[in-house]
Amino acid sequence: MTATKYIGKSIKRVEDKRFITGKANYTDDIVLPGMTYGAFVRSPYANAKVKKVDISKAKVMPGVIAIYTGADVAAVNGVPCGWQVNFKNGATMKEPKHPLLVADRTKHVGDPVAFVIAESRAEAKDAAEAVTVDFEKLSCVTDPAEAVKPGAPLVHDDVPNNICFDWELGNPKSEVDAAMSKASHVTTLEFTNQRLVPNAMEPRSYIGSYDPINDKYTLYTSTQNPHLIRLLMCAFVLGLPEHKVRVVGPDVGGGFGSKIYHYTEEALVTWCSNKIGRPIKWTAERTESFLLDAHGRDHRTKAEMGFDKDGKIVALRVKTHANLGAYLSTFASCVPTYLHGTLLQGLYTTPKINVDVTGVFTHTNAVDAYRGAGRPEATYILERLLDLGALEMGKDPAELRQMNFIPPFDGVKQPGYQTQVALQYDSGNYEGVLKKGLEAFNYKDFRKRQKEAAKSGKILGVGISTYIEACGIAPSAVVGSLGARAGLYEVGQVRVQPTGKVSVYTGSHSHGQGHETTFSQLVADRLGIAMEDVEIIHGDSESVAFGMGTYGSRSLAVGGSAIVKSIDKIIEKGKKIAAHKLEASADDIDFADGRFTIKGTSKSLGFGDIALTAYVPHVYPKDLEPGLDFSSFYDPANFTYPFGCHIAEVEIDTETGKVTLRRFVAVDDVGTVINPMIVEGQIHGGVAQGVGQALFEGTIYDEEGNLTNPSFMDYCMPRADDLPMFETGSQVTPCPHNPIGAKGAGEAGCIGSTPAVVNAVIDALWSAGKKVKDIHMPLTPERVWSALQ
């Protein structure tokens with residue numbers, strides 16, 4: 001094995017040079033010959049009949065090339081959902097059509113009814129404003145708990161009570177009810193995990209192009225997974241053969257999950273490019289991004305946790321109404337079920353768990369995976385209940401967690417931990433991260449500081465959150481049994497050039513994670529070559545044979561493992577070539593530090609020598625084909641399970657209710673770390689988003705279904721001066737079932753941080769004698785001030 005030269009080193013990101021010098025190539029930067037531009041006519045109403053669309057004035061305006069309405073695309077299939085969830089009785093979920101353009105009735109504000117194509121963006125927008133639509137406004141419903149009540153307005157006429165699915169997991173309710181009835185104490189919380197807007201830096205942008213000579217389509221798209229977009233668009237929407245469609249994801253300016261999905265605009269610009277014979281570009285304006293990028297969270301939950309007299313958890317009971325929006329997005333049905341319900345074991349030995357989730361259609365924008373995707377919602381339930389339970393029972397929240405933790409296990413000597421909610425954890429040492437977090441925070445002295453601060457009129461609070469998440473979203477057999485409509489493996493091709501330089505083609509697609517650096521470190525270390533001799537290619541279905549993209553913290557654990565499999569094949573073949581040249585047996589060849597050596601001797605050949613020989617096979621094994629190029633699919637045996645401990649300290653201004661985050665400690669175990677700097681950056685970004693949910697962010701829909709804060713002037717985002725310097729630490733418990741030992745780091749920060757901050761605020765209020773159980777997130781000064789009164 002090659003000695004570690006790059007793995008574990010904080011090497012600056014190689015891709016950043018083009019980003020910070022303005023040389024990046026985003027979709028909206030691309031200009032094709034004959035480019036045209038699109039603009040949408042969208043519904044101003046959440047629920048309205050489309051009685052007439054008049055395009056007569058718009059179609060004769062300067063620069064207008066074509067205008068399409070719902071009637072024109074009525075025969076085109078709708079955009080599909082990629083995950084099937086069944087009702088408790090086994091019936092299939094309700095899956096109404098999501099049309100490219102609406103012909104009959106709009107289902108949410110922003111639903112498109114016409115698409116205008118013109119020579120310039122300005123001309124397209126002007127003409128779109130000239131299209132007149134006769135709407136008949138209807139009543140609407142935006143709250144999922146209200147939407148299921150008798151008499152509520154229906155989003156889809158063929159979906160009774162707006163219920164997409166009613167799903168259950170865990171132990172039978174009767175067993176959980178029995179355990180709960182015997183509990184010495186039951187902590188109950190009813191709360192809303194509010195809806196969030198992803199707010200990626202780069203708005204969504206698409207270019208559809210058709211080549212009539214070769215009968216071939218090209219879609220340029222700001223996506224997290226080009227191959228999945230091609231699969232869904234070809235197989236389910238447009239009915240095109242995949243070899244006739246190229247999908248290119250150039251540089252992508254952030255996603256946070258919102259760019260995983262196949263959006264109607266992608267299919268529409270592709271379809272229209274054939275009709276007009278020219279490329280079409282559509283780029284969302286920021287208001288469109290607020291309104292229409294798939295939102296996150298939005299759960300209404302009642303949760304109960306039962307404890308025995310000593311504080312051991314005896315049962316957990318959860319009922320959630322999950323808002324899915326008006327249409328099913330690609331993974332919408334999976335998030336509140338298999339990414340949320342399956343994580344309700346948490347880090348604890350809870351013997352009886354039942355989770356009941358009702359997925360509900362409302363007259364709002366679609367809801368899907370947003371950084372963490374179901375895991376933050378599950379963690380929020382557990383960690384709020386643990387801290388509140390400790391307050392109610394007069395116990396220390398850290399000690400309460402410790403006594404309920406699953407004992408340490410490595411997944412090798414000790415088997416994986418089987419939960420009550422389907423999953424089997426791979427490896428974990430949960431006490432370890434809590435201990436490190438408490439030490440870093442100096443937890444023992446906090447209560448003393450809290451009392452001292454109270455003497456001078458300051459209210460301090462501490463909140464703890466210990467979390468686990470399921471990452472490396474991949475095992476095809478498992479996710480298939482859970483309803484996935486695609487395999488979730490990954491592909492990695494490693495091509496060694498005759499000069500010994502290496503080209504890597506990966507199905508993982510970066511949108512800010514630093515793949516070109518991390519994967520280069522991994523490859524260079526394994527092959528004993530310089531990082532500069534490795535290039536990483538991704539994002540183009542014409543270059544990369546296949547792939548399943550980037551989400552669910554899967555890039556290194558799944559995508560990296562596919563690359564390692566191909567590297568192993570290269571090394572194995574290299575040994576055969578070296579053995580022939582050195583006149584030895586392949587079994588006697590070792591490979592380390594970039595050299596193939598006969599065991600016990602100094603006779604060796606360098607990696608470059610073997611690469612050249614593979615392509616100039618003059619002295620070469622007779623039964624071995626030339627070349628050094630391998631591709632591998634990696635489909636892991638299980639998810640990976642990162643975990644950690646987050647601790648927040650807050651101060652509340654009693655006169656205004658303003659919450660100041662004074663300290664934040666994060667100790668995360670993400671398995672093997674390739675680049676600590678990149679991982680720390682991921683943790684920082686995730687924590688900022690988690691704090692944003694706790695204190696600042698949240699959509700506000702009015703009674704007529706209007707999003708009333710669709711801009712950065714109205715939707716409050718955390719800023720640099722809202723956040724302290726984060727104090728980070730780590731622990732390494734390798735994943736036992738992938739060749740790297742990686743677990744994933746991209747979502748950890750926003751999973752543990754939100755409940756830590758809210759717990760800290762509640763702790764502060766209790767220390768001031770205000771026994772408040774919950775405050776609706778975000779914890780604005782007004783809401784906290786009201787709680788103080």
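These are my notebook entries on a few places I looked up in this predicted model.

**Entry 1: the domains**

I began with the overall division of the chain. Domain 1 covers 16-22 + 489-634, domain 2 covers 31-138 + 202-253 + 259-292, and domain 3 covers 376-472 + 639-788. I then turned to domain 2 and domain 3, whose centres, taken over C-alpha atoms, are 39 Å apart.

**Entry 2: where domain 2 meets domain 3**

How many residues of domain 2 are in contact with domain 3? I found eight, and they meet nine residues of domain 3. The area buried between the two domains is about 660 Å², with 65% of it from carbon and sulfur atoms. Lys137, Phe290 and Leu291 supply 61% of what domain 2 buries against domain 3, more than any other three residues.

I also checked for charged pairs here, and the rule finds one salt bridge across the interface of domain 2 and domain 3. The largest share of the domain 2 side that touches domain 3 comes from α7, with four residues. On a separate line I noted that glutamate 704 forms a salt bridge with lysine 137, their closest N and O atoms being 2.9 Å apart.

**Entry 3: salt bridges along the chain**

The count for salt bridges comes to 45.

Next I looked at glutamate 175 and lysine 352, which form a salt bridge of 2.9 Å, N to O. Glutamate 175 is in helix α4 (residues 173-181) and lysine 352 in the loop between β14 (313-325) and β15 (353-361), 177 residues apart. Glutamate 175 counts as partly exposed because its relative accessibility is 33%. Lysine 352, at 26%, is partly exposed too.

Aspartate 629 is partly exposed, at 31% relative accessible area, and arginine 495 is partly exposed at 28%.

**Entry 4: a buried aspartate**

I found aspartate 387 in helix α8 (residues 375-393). Why does aspartate 387 count as buried? Its relative accessibility is 6%, and buried means under 20%. The side chain of aspartate 387 has a polar contact of 2.7 Å with that of arginine 401. Leaving out residues up to four places away in sequence, aspartate 387 touches Pro397, Arg401, Val462, Gly463, Ile464 and Asn759.

Which residues of helix α11 (residues 446-455) are buried? They are Phe446, Gln450 and Ala453. These three cover an arc of only 65° around the axis, which puts them on the same side of α11. An α-helix has 3.6 residues a turn, so residues three or four places apart point the same way.

The buried residues of α11 pack against α10 (430-441), β18 (459-468), β26 (643-652) and α17 (748-767). On the face turned away from that buried side I found the exposed residues Lys448, Lys451 and Lys455. After α11 comes glycine 457, with a positive phi near 85°.

Conventions. Residues numbered from 1 in each chain as written. Predicted model: local features only at pLDDT ≥ 70, side-chain atom pairs only at ≥ 80, totals over all residues. Heavy atoms only, no water. Buried < 20%, exposed > 50% of the residue type's maximum accessible area, 1.4 Å probe, protein only. Helix = DSSP H or I, 4+ residues; strand = E, 2+ residues; numbered from the N terminus. Arc of directions from axis to C-beta. Contact = heavy atoms within 4.5 Å. Polar contact = N/O pair within 3.5 Å; in protein donor to acceptor, adjacent residues only side chain to side chain. Salt bridge = Lys/Arg side-chain N within 4 Å of Asp/Glu carboxyl O. Domains from an automatic or database assignment. Buried area = accessible area lost by both parts, 1.4 Å probe.
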